[in-house]
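Hi,

Here is the model I promised to pass on.

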Amino acid sequence: MFNLILSARRAALALALTVSSGLAAAGAIHVNLDTSAFGGGNGYLDMQLGMSGGPVVTAQVSNLSGFDTSSLADGWGYTLANGTYTLRSDVLNDLFHAVPFGAMLGFDLTLSSDADVDGHVTNFLVSAFDSSGVHPVGVFDPFNLSLANIAWTPAAVQGGDGSIAVTATDPGVATVPEPGVWLLMAAGALGMALTRRRRVH
Amino acid sequence: MKTHIRMTVLAALLAGIAAPALAVSDTVVISQVYGAGGNGSGDTAAKLKNDYIELFNRGSTSVSLAGWSVQYASSTGTSWQVTPLTAVVLEPGQYYLVQEAAGAGGTPSAVTADKAGSIAMAAASGKVALVSGTTALSGATPGGPTLVDFVGYGSANASEGAGPTPALGNLLSAYRNNDGCDDTDSNTADFSTAIPAPRNTLTEKRLCSAAPQKPIVATCPTMLALAQGYAGRAALSATDQDGIVNGAVISTGATAGIALADFTPAAAEGGAATVNLTASNSLAVGSYPLSVQFSNNQGQTASCPLTVKISGLAAVTKSIPEIQGAGATSVYANTVQTTEGVVTLKVGTGFFIQDANGDGNPATSDGIFIYTASAPANVQVGDLARVTGTVTEYTPTGASRSYTEIKDVTAVAPMSSGHAVTPINIVLGDDLSRVEGMLVNFVQPLTVNQVEFLGERGEVTLANGRLEVPTNRYPARSPEAVALAASNAAGTIVLDDGIFTTPATIPYIGADNTLRAGDTVTSLTGVIDYGAIGGGGAAFKLQPTAAPVFSRTNPREDAPALPAGNVKVASANVLNFFTTFANGSDVEGRTGQGCKIGGTTSASNCRGANNMTEFIRQRDKIVGELKAIDADVVGLMEIQNNGDYTVNYLTNALNAAIGAPVYAVVPAPASTGTDAIRVAMIYKPARLSLAGASMSDGDALNNRAPFAQTFAAANGEKFSLVVNHLKSKGSCPSGASPDTDQNDSQGCWNATRIQQAQRLINTFVPQVVAASGDPDVLLIGDMNSYGMEDPIAVMTGAGYVNQLERYIRPRGMPYSFIFNSNSGYLDHALASASLSPQVAGAAEWHNNADEPTVIDYNLESKPQDLYTAQPYRASDHDPVVISLNLQPKYVDLAGSVKLTQYSTTWNRVTGKYVSSVSMSNTSGAALTGPFQLKLNSLTAGVTLDNASGTHGGAPYVTVDTTLAPGAVLNIPLTFSNPNKAVISYTPKFYQGTF
């Protein structure tokens with residue numbers, strides 16, 4: 001259903017993230033978007049956290065780089081504090097931020113929620129529009145216009161770990177787990193290896 | 001089935017009848033009374049000249065009749081005439097004959113009177129008394145110490161017990177039953193009427209203390225016809241059930257050249273003694289009447305008269321092939337001819353001869369039947385016989401062709417013996433008229449097609465395979481139906497047994513005392529006959545010369561087999577199951593009961609068992625059948641229409657046989673029709689529950705009202721069962737009408753059946769569906785219409801699906817009934833379009849139609865009683881069983897799939913809100929659509945743009961696909977959200993349709 005158009009390295013990263021079993025109830029990734037293919041000039045980066053019937057999911061967007069800080073962000077349903085935008089799944093939200101196209105854009109994204117047993121998946125969508133604000137640019141999913149669809153699946157049990165899966169439609173999207181996440185993953189992999197060795201005996 | 005009504009004259013009971021007081025001996029009784037001696041003229045005239053009164057000593061000691069008298073008074077008379085008796089001592093078992101006045105006609109009895117009186121007795125009604133004195137009695141109802149016995153006959157105003165004997169006549173005397181032994185002091189009970197035959201003191205004694213001795217029964221031809229100069233002989237035999245026949249002599253007419261030879265006494269009681277009457281070649285032309293007397297070890301004798309007739313040997317005038325000719329009839333019909341041939345077979349009414357060499361022309365038969373009325377005496381198989389008689393074309397009643405034979409035979413001369421004829425090989429389908437009367441051999445195995453007349457007539461219909469009723473397979477009047485009717489008619493032969501009466505021993509019946517339609521037979525060698533057959537009409541028949549060999553190729557099934565579902569439905573015609581019997585009694589022992597047709601109640605309306613004995617036999621077979629079927633609901637046809645009484649009785653009997661109260665009766669609906677029979681339903685409350693009240697269509701079009709009930713299965717799913725019994729094909733209307741037989745294989749009353757089917761489909765079933773709120777309807781019952789007939793076409797044309805064509809036809813011919821040796825199904829299962837996909841299977845249990853009628857519950861018309869309580873021939877129809885797998889229209893797949901609900905986001909371009917739900921098949925098996933994704937509790941003001949519809953107020957999306965194990969189905973959703981509300985919903989995923 002979703003087209004994954006990634007370089008080999010990015011595919012490996014995305015795969016690692018998708019199958020990760022050791023993420024905390026909050027997951028964090030760094031998202032880069034190469035806008036060089038979007039032509040020059042200004043436009044907008046649109047971010048929204050979907051509405052879902054499950055536990056309230058919170059998305060925090062911080063450490064924005066390459067964004068046009070001179071223009072105010074547009075949209076609704078978000079809060080801004082200390083350079084961090086917060087979006088909630090129980091509030092109709094949209095963060096519509098002016099950006100210059102041609103350079104690398106980046107931000108950190110942290111998703112968190114309580115556990116959920118009913119199979120709700122909450123999507124954080126990243127889309128881009130030209131300066132008119134109505135024409136999507138980049139390689140996007142025609143259904144929801146996303147260049148990157150970052151899906152948050154809450155932990156299945158209270159105290160467990162949620163997971164993040166990224167579906168990148170645009171080839172300019174690259175996502176990198178935050179360092180803490182890498183460490184957690186390495187520890188998990190080591191633990192799994194030990195477990196398997198013990199089972200040999 | 002049979003309704004034998006015993007007509008009782010009640011008039012006498014209504015009259016005021018007085019009973020005389022009796023005294024003295026109760027051992028000497030009046031044993032016979034006859035009052036019409038010499039009366040009348042013509043065919044109805046009395047044969048005997050004198051009236052008489054016969055006495056009998058039924059006791060065990062001798063009684064002197066000295067000083068006694070018999071006396072007579074008219075039916076209402078008060079004055080008595082006296083005939084004194086002789087001073088004889090009547091020994092136990094001895095009769096005494098008192099002759100009275102003579103009439104103008106008749107001849108004196110050969111039985112000499114012991115005393116001749118002169119009283120002129122009335123022919124029909126009167127009073128007779130035996131008195132131990134000679135003084136005349138007095139009064140209409142005499143009594144006193146001298147009255148020994150009293151008999152009122154006809155309409156007499158006095159009698160012993162409940163009433164007088166039946167009225168007498170010129171050819172009827174009153175007999176005291178059991179040879180005179182019965183005496184319950186009731187003239188009406190103790191006497192019967194029969195042809196007058198007086199007995200006297202010389203008549204063989206009959207000791208009432210001993211069981212009566214059975215007589216010798218001799219079997220002799222009446223004529224031994226021979227040609228002068230040719231010796232011949234006749235076979236005679238005699239049997240005695242309780243004695244040993246051990247002697248035979250020519251008692252009268254003995255003459256030189258005629259003798260008895262080869263006498264073989266019976267080996268045991270009941271055995272046959274045989275002897276040949278031989279006539280030498282020296283006898284002169286003429287008739288030699290004589291009598292052969294057999295005797296036994298009990299001192300009994302029996303004689304048979306016969307005549308040896310010697311004629312001059314006639315010359316052959318025509319050969320058999322010449323007489324037969326190549327045409328349909330003989331050109332020598334109605335001429336006297338003498339012909340000659342080898343005897344190939346002797347049958348009950350004559351014998352077959354065949355020209356051993358033939359004329360080499362296959363168009364002319366080489367054989368011919370010689371009709372002699374009884375079995376011929378003086379020829380044996382293998383004899384070369386010269387026969388003189390009249391060539392005739394015999395057309396049996398209802399036949400479409402004639403059969404050439406020789407009758408009015410004046411001479412049969414055996415010329416020599418030890419000849420043989422080689423049978424010619426034929427196959428069914430050959431022109432049998434070319435081989436009529438000839439010895440043939442069927443080279444192919446044939447299939448039994450009908451055994452209805454096996455017991456009554458010794459007949460089995462044979463054909464190549466099983467013949468199908470034309471309209472069971474093709475629509476009436478279609479060219480295919482017409483062609484099949486023609487080929488069926490040409491493709492049968494009736495295997496007979498050489499006897500033209502009910503056989504003493506049922507022939508051809510095999511293992512388990514049955515011969516089933518569908519069994520096959522080989523080694524069929526015999527002579528081609530043509531004549532009347534059971535059920536009417538005529539057919540070519542094979543009279544076998546060797547024992548045919550049958551194979552049980554259509555074995556019995558213990559119970560019907562069909563795929564499992566969650567509801568098993570059966571349709572069973574129980575062949576007139578009545579708890580009120582044809583004899584007027586009922587299952588509770590009450591008498592004077594009857595059965596109701598419309599407003600008339602009469603025992604003659606009772607169509608089932610004649611009496612309690614038959615009923616128990618019938619009940620046990622029907623109960624066995626229903627128990628073996630083990631259906632959850634059974635539609636019954638032909639059950640007595642007396643409210644729920646009879647169906648309750650049957651249900652109780654069935655539960656008793658099961659050993660638990662498994663079945664209950666569906667309460668009778670408003671109308672059960674006006675016929676003596678109704679349709680009914682029984683069901684298992686543990687498996688089904690009644691949903692709503694029972695319904696019926698009491699319209700005058702249906703004298704057996706269709707009966708509907710909606711049931712709910714354990715899973716809550718409902719269906720309605722409609723039980724039908726359409727108008728029968730028989731009892732044709734008088735005069736021309738649309739209901740007359742149109743000769744289209746559909747029988748009579750087809751127009752009425754079409755109307756009944758139309759009313760069922762267009763009026764009654766819609767009422768049932770409206771009441772139940774569920775379109776699942778199953779029509780069952782005896783439609784009295786074969787598979788493709790017009791009334792069934794009415795139903796299938798309205799969308800009903802014929803489940804027997806669907807499930808049985810692919811495996812073989814569906815049939816539940818055999819008529820005229822053709823098989824077809826009158827018993828149906830038609831499902832509505834919505835129910836049909838939920839029908840898991842259908843079957844017929846061939847426990848009845850294929851079985852011989854002679855093993856059924858009836859007691860009458862049976863040479864042997866081979867009844868068992870097993871459920872074979874429990875009815876004339878086979879039951880139909882249908883397996884339903886009632887399923888909800890849709891099921892929640894929560895346990896079979898894992899749902900993932902994606903969040904809803906805003907599409908800035910379209911202004912719509914988009915979301916999706918994906919389903920992963922976790923059931924381990926493929927799931928087949930259509931599927932429904934339903935969004936419950938969707939936020940108010942939000943519209944699902946890609947909804948396929950709404951169900952229960954919630955929008956849903958339909959996807960028709962198949963989901964392999966582990967596969968994921970993702971369904972995108974697009975919403976309009978003008979209020980910009982936060983969208984939420986609860987997805988539910990179903991299999992099926994709303």
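At 24% relative accessibility, Cys208(B) is partly exposed, where buried means under 20% relative accessible area, exposed over 50% and partly exposed in between (1.4 Å probe, protein chains only). Its partner in a disulfide is Cys181(B), with the sulfur atoms 2.0 Å apart; a disulfide here is a pair of cysteine sulfur atoms within 2.5 Å. Cys181(B) is buried, at 6%. The link of Cys181(B) and Cys208(B) is left-handed, with -90 degrees about the S-S bond.

Some background: this is a predicted model, where local features need pLDDT of at least 70 and side-chain atom pairs count only at pLDDT 80 or more, while totals for chains, interfaces and linings use all residues. Residues are numbered from 1 along each chain as its sequence is written, chains are lettered from A and ligands numbered from 1 in the order in which they are written, and side-chain values use heavy atoms, leaving out hydrogens and water.

Searching the whole structure gives four disulfides over all chains. Another one joins Cys220(B) to Cys304(B), with 1.8 Å between the sulfur atoms. Cys220(B) is partly exposed at 21% relative accessible area, whereas Cys304(B) is buried at 7%.

Cys732(B) and Cys748(B) also form a disulfide, their sulfur atoms 2.0 Å apart. That link of Cys732(B) and Cys748(B) is right-handed, with 95 degrees about the S-S bond. Cys732(B) is partly exposed at 48% and Cys748(B) is buried at 2%.

Counting bonded cysteines along chain B, the pattern is 1-2, 3-4, 5-6, 7-8.

Best wishes
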